[in-house]
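Visitor: I would like to go through this model residue by residue and then by element. Please give the cut-offs as they come up.

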Amino acid sequence: MALAIGSPRAQRVLEVPPLLWLGRVSYSLYLIHVPVLMVVVHGLHGLLPLEALLLLALPLSLFAAEAMNRWVEQPAIALARRLPGTATRAARPALG
């Protein structure tokens with residue numbers, strides 16, 4: 001973080017569209033990559049070498065993360081913003 005804050009060059013590198021996209025879908029990717037990997041490995045076990053299965057799981061995980069971000073995560077965020085009182089509850093620190 002210090003490098004990104006203190007270096008204009010590092011800031012430019014981190015602002016390239018693929019990295020911005022990866023940051024946007026990172027939570028969805030975190031949630032979906034293991035299920036995608038398991039489906040690919042178990043579903044195609046014995047049909048392709050393990051290396052090919054792992055290579056196949058990568059783009060499928062990225063695709064699934066984009067879909068999940070677009071159709072689940074972003075609508076949920078938008079809904080939470082529209083619900084009364086959600087913004088104030090989220091902004092207050094938890095007590096206890």
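Visitor: Where is the place of N69?
Guide: This is a predicted model, in which local features need pLDDT of at least 70, side-chain atom pairs count only at pLDDT 80 or more, and totals for chains, interfaces and linings use all residues. Residues are numbered from 1 along each chain as its sequence is written, and side-chain values use heavy atoms, with hydrogens and water left out. Helices (H or I, at least four residues) and strands (E, at least two) are DSSP runs, numbered from the N terminus. On that basis N69 falls in residues 50-82, which is helix α4.

Visitor: Is N69 buried or exposed?
Guide: Buried means under 20% relative accessible area, exposed over 50%, and partly exposed in between (1.4 Å probe, protein chains only). N69 has a relative accessible area of 3%, so N69 is buried.

Visitor: Which residue has its backbone oxygen 3.2 Å from a polar atom of the N69 side chain?
Guide: Leaving aside neighbours within four places in sequence, N69 is in contact (heavy atoms within 4.5 Å) with V25, S28, Q74 and P75, among others. The backbone oxygen lying 3.2 Å from a polar atom of the N69 side chain belongs to R24.

Visitor: By how much does α4 bend at N69?
Guide: Helix α4 has 33 residues and reaches 46 Å from its first C-alpha to its last, close to the 48 Å expected. The expected span is 1.5 Å times one less than the number of residues. A bend is the angle between axes fitted to the seven residues ending at a residue and the seven starting there. For α4 at N69, the bend is about 40°.

Visitor: Against which helix do the buried residues of α4 pack?
Guide: The buried residues of α4 include L53, A57, S61, E66 and N69. Their packing partner is α3 (17-44).

Visitor: At which residue does α3 bend by about 55°?
Guide: Helix α3 has 28 residues, but its end C-alpha atoms are only 33 Å apart. A straight helix would reach 40 Å at 1.5 Å a residue. The buried residues of α3 are V25, S28, V36, V40 and V41, and what covers them includes α4. The bend of about 55° in α3 is at V25.

Visitor: Why does A10 count as buried?
Guide: A10 is in helix α2 (residues 8-14). Not counting residues up to four places away, A10 touches L3 and A4. A10 counts as buried because its relative accessibility is 13%.

Visitor: What percentage of the residues of the protein count as buried?
Guide: The protein contains five helices and zero strands, running α-α-α-α-α from the N terminus on. Of its 96 residues, the buried share is 18%.

Note on methods:
A polar contact is a pair of N or O atoms within 3.5 Å; within protein, one must be able to donate a hydrogen and the other to accept it, and residues adjacent in sequence count only if both atoms are side-chain atoms.
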